[in-house]
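Thank you all for coming. I would like to walk through the way the chains in this model meet, and then look at two individual residues.

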There are 4 protein chains.
Amino acid sequence: MKTTIGFIGQGAMGSRMAARLVAAGHDLVVFDRLREATRPLEERGATLAVSAKQLAAGVDVVFSSVTDDAALEQVMLRSDGALAGARPGTIVIDMSTVSPRMSRRLHEAARAKGVAVLDAPVSGSTPQAEQGQLVIFVGGEEAVYQKCQPLLAVLGSKTLYMGPGGSGTTMKLCANTLLGLGVQALAEAFALGEKGGLSRERLAQVLSETAVVSPSQKSKLENARKNEYPAAFPLRLMFKDFGLIAETAMELSVPMPATAAAVQVAAAEHARQLAAHTDEDFSVVVRAMERLAGVA
Amino acid sequence: MKTTIGFIGQGAMGSRMAARLVAAGHDLVVFDRLREATRPLEERGATLAVSAKQLAAGVDVVFSSVTDDAALEQVMLRSDGALAGARPGTIVIDMSTVSPRMSRRLHEAARAKGVAVLDAPVSGSTPQAEQGQLVIFVGGEEAVYQKCQPLLAVLGSKTLYMGPGGSGTTMKLCANTLLGLGVQALAEAFALGEKGGLSRERLAQVLSETAVVSPSQKSKLENARKNEYPAAFPLRLMFKDFGLIAETAMELSVPMPATAAAVQVAAAEHARQLAAHTDEDFSVVVRAMERLAGVA
Amino acid sequence: MKTTIGFIGQGAMGSRMAARLVAAGHDLVVFDRLREATRPLEERGATLAVSAKQLAAGVDVVFSSVTDDAALEQVMLRSDGALAGARPGTIVIDMSTVSPRMSRRLHEAARAKGVAVLDAPVSGSTPQAEQGQLVIFVGGEEAVYQKCQPLLAVLGSKTLYMGPGGSGTTMKLCANTLLGLGVQALAEAFALGEKGGLSRERLAQVLSETAVVSPSQKSKLENARKNEYPAAFPLRLMFKDFGLIAETAMELSVPMPATAAAVQVAAAEHARQLAAHTDEDFSVVVRAMERLAGVA
Amino acid sequence: MKTTIGFIGQGAMGSRMAARLVAAGHDLVVFDRLREATRPLEERGATLAVSAKQLAAGVDVVFSSVTDDAALEQVMLRSDGALAGARPGTIVIDMSTVSPRMSRRLHEAARAKGVAVLDAPVSGSTPQAEQGQLVIFVGGEEAVYQKCQPLLAVLGSKTLYMGPGGSGTTMKLCANTLLGLGVQALAEAFALGEKGGLSRERLAQVLSETAVVSPSQKSKLENARKNEYPAAFPLRLMFKDFGLIAETAMELSVPMPATAAAVQVAAAEHARQLAAHTDEDFSVVVRAMERLAGVA
């Protein structure tokens, strides 16, 4: 018997994921809070559900990919949410980047209904991701993970099982700490080097040849070199993730001083972008630090 | 005619460099402020000079590799220093990690005597370095760099010309900003992940498979996994380099907020190591952050 | 006709406030989620309500003083909360320290029912407060503030009108930024001074005579001098307020770099206190910094 | 017999101090590296010395007030410096704000010549100072302090003995940590409050009535209210003192995370002022934070 699949949330990430499932031959039931968002998938044969609840009632596996904690609460936990429709045995695979706290709330609410959950956020801001390669960090029961592995393999080039419920989102926050702070480190090195007399051009070239730069950082050197920051992973999304990191660190009483310093720079740049109505890549902090140092 | 070479400073880095020159067939004149330090090289045939001044008087190229600004001032600029002995046309290649300010002072003092200088610090804390591969960043006149390139090629697996005098040391500080802040980022990600329920083992394994980790960071994951920090690049040296970075940033009015936050953690860990009479690798900040978070 | 008054929440702050109202001759209806908490006031003649809703149904003015956003949502906005019972014309005066966002939610929900709200948190961690003097920052409609001024005057030695709904809680966060960062500044000055050779005793004495220390900071010098930190304003509450400050700053995209640095120290100290099952004053960060510097 | 007095350094602080000594009836011998700087005092009857050495040779007490470590080294330790001229029994009272390290070097060099030193920097950036009241922190032998107390009383409204040599400058750095971080705290509170809807006017007014603001901070509220920052204690001098604080903290391995964060803001503002050729008060960081938050 074939597994029936539903997909809740058709934003930038959700629509990409859903398209891969369709491309792999799966029939999909789809739902999004915005009526328009599901059109492209409907044109490719997906069935529209009128609510997350109705969607969940008719499928074996419910994928979700939504913006934040509040959106996940709405599509999952409210009276018209997926858990209200899901039957015992249904599996929910949530690919949203939400707080581990929210993720655990979902795991618990589902458990009470006999529904299993995997928190499976996508580490999608890596250079590989931009070329279509994606890493998925997975939290939940290992047996459920094993069962869903073939489906996840359609969506990511690598799936990494991290442990019990909430481990996937926790790992995502760890990875994004390194991502965000890594680009802030690049920004500070550029500001120091340029004000010290090195050219932006030469700095970008030389750093790409050193062992102190990660593939993620390397993928941003071209932006820094050109002083142009077209949005691949927009600052506003990095800032949102920094918010989850900061909130989770506070909840767990984990000091993260360098990350906190990077968050303040992102806050200032976010304020600036909101005022200027621009939407640039999060590596724009390189320019922000150059400006503060008086070299841009 | 063969180029005659002198080498001032036989510490950890200097002795390694001098040994490579000897191995490549060069005759060396050596000097160190500590009489004992030159013995190994003398046993391999090097000639001892009684002062930096005497050394410089008898060679075409003077290498130096000393601890800090004060040591470089002593062996180069004092009345018995190398510049006092050097003839016009002599070339000084300083491989020390010193401040760009000190490096430029050396360039200027030498210029007045018709002596050319290259500031050529070694980026020696990379994983490659530990396997014998070293990157050398070079500042000074390009023609002098071209002339010395064959000699530098004996010492480093890669030499990168950065620009005028002081550019080599400036680039070294940029690279070490990324190195030091990179390991602090790792430390904060571990503290967050572990307190969030992930195992140290799994974190180390998974991070090594992501694009957000540089080769330098990757080389420290094994320390974090084992919670053992044998000194490859000791914290006290990283702290010394952080001092140069902070001092240079202040001199140039360059804000470096995340680096400054990392420096504070290194300061606390340095205080602890001094009190405990230990000498661990700079990646020990992973354990420092785990302790502050209450997970170690 | 006499104004009838209800008071929701009988924690440390609420019970103190309610007692002042009783002492001033007011009859009180009281409610707390913990049955036991209202006993002392009942013994002094207060009437017990079975729910916040019932309480609100019978009084003209509803005071509240609860722990956090979640508690305020529960006693105000749920189906058995105060707004469900309040009639048009009722006034709610919330003295809790909650987020401006939560405060504005309360204002809006109340407005829809014809109920007026004042957000009126107490700045109670000042030295004056410890001697019974309290400043109240008030947000809401000015006419409502004027009407309630006589009641507020019973509770605080000073009431300061700040502007529209949410202005009181916003001002409270500004004041606590200065309070928390002020004590962190003290901690860093002590660590520097002591490691530089000054005695704790002399530092405390001399700082109390300078113009760079506020009354709030001055009130903590005795703790630092004795290296004893009995809880007046416990670290866990300062950490909670730091959480509100950080969350509000993120929501508004306001960079607060020095505050963020102080928050990390508080997080580490909070982790330590949780592990050690201690509950010390927030000025214990002086000892935390001394320890990190290796002088305690 | 009357004590003869010399004064080295006639900058902003030195000329003010020297004028007080003249006003108190003392005959002064003066020296400054800039020939013009001593004119005003010569017109009031002071005798000019041709060098610090000559000055020291003819007086019992040598005051000095110079810009920084390098200037102090020049006027004290070089071959034409004061120590070269001073006889055993001479007393040097250095009122410069220099590093404790430099201060101790002076104490040691003087001791070898039988000359006693007091490090006696002036805490001159307090509101009182602006009205002519000054606190002097003194380090050195207590007997020497007692002997010089009457002279110091002419210069400061309060003199506080701190301990052995270097204690005065160390205390000055502690006080300026509180001063500088205190104004940064104010800046962050303003940015948060204004972006949260409070008016600059009301914030300034209300903060002046709270216990969380020091006299120093209070004296800057008027600048913040008007958004005008005429230099009383210019940012460039605060930045210089932040440099001494940071350097001393590094030397002693003392983590100062919130101070370090404040230093980064001062660095950015210093870069901006250098580029704009302005010279504003250090409280201009209030405007800097408002701008970063997008409210100025």
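**How the copies meet**

Chain D and chain C meet through the same surface, because 100% of the interface residues of chain D are also interface residues in chain C. Before I go further, please keep in mind that this is a predicted model, in which local features need pLDDT of at least 70 and side-chain atom pairs count only at pLDDT 80 or more, whereas totals for chains, interfaces and linings use all residues. As to conventions, residues are numbered from 1 along each chain as its sequence is written, chains are lettered from A and ligands numbered from 1 in the order in which they are written, and side-chain values use heavy atoms, with hydrogens and water left out.

Let me stay with this pair for a moment. Chain D is superposed on chain C by a rotation of 180° with 0.0 Å of shift along its axis, at an RMSD of 0.0 Å, where the superposition is by least squares on the C-alpha atoms of residues with pLDDT of at least 70 in both copies. The residue of chain D that comes closest to that rotation axis is D:Ser214, whose C-alpha is at 1.8 Å.

Turning to the extent of the interface, 59 residues of chain D are in contact with 59 residues of chain C, contact meaning heavy atoms within 4.5 Å. The size of an interface is often given as the accessible area lost when the parts come together. For chain D and chain C the buried area is about 4800 Å², with 74% of it on carbon and sulfur atoms; buried area here is the accessible area, taken with a 1.4 Å probe, that two parts lose on being put together, summed over both. On the side of chain D, the three residues D:Leu178, D:Leu192 and D:Val212 supply 15% of the area buried against chain C, more than any other three residues.

What of the charged and polar pairs? There are 2 salt bridges between chain D and chain C, a salt bridge being a side-chain nitrogen of Lys or Arg within 4 Å of a carboxyl oxygen of Asp or Glu. One of them joins the side chains of D:Glu209 and C:Lys158, at 3.5 Å from N to O. The count of residue pairs in polar contact between chain D and chain C, both at pLDDT 80 or more, is 14; such a contact is a pair of N or O atoms within 3.5 Å, where within protein one must be able to donate a hydrogen and the other to accept it, and residues adjacent in sequence count only if both atoms are side-chain atoms.

Several elements of chain D each supply at least two residues to the side that touches chain C, among them strand S9 (158–163), helix H9 (167–195) and helix H13 (257–276). Helices (H or I, at least four residues) and strands (E, at least two) are DSSP runs, numbered from the N terminus. The largest share of that side, 19 residues, comes from H9(D).

**The other pair**

A rotation of 180° with 0.0 Å of shift along its axis superposes chain B on chain A, with an RMSD of 0.0 Å, and that is the relation of a two-fold axis. In chain B, the C-alpha nearest the axis belongs to B:Ser214, 1.8 Å from it. Between chain B and chain A the count is again one of 2 salt bridges, and the side chains of A:Glu209 and B:Lys158 meet in a salt bridge at 3.4 Å, N to O.

**Two residues within the chains**

Is A:Ser99 buried or exposed? A:Ser99 is buried, with a relative accessible area of 1%, where buried means under 20%, exposed over 50% and partly exposed in between, with a 1.4 Å probe and protein chains only. A:Ser99 sits in the loop between strand S5 (91–94) and helix H6 (100–111) of chain A, and, not counting residues up to four places away in sequence, A:Ser99 touches A:Asp69, A:Thr169, A:Leu244 and A:Glu247.

The side chain of B:Glu251 makes a polar contact with the side chain of B:Arg101, at 3.3 Å.
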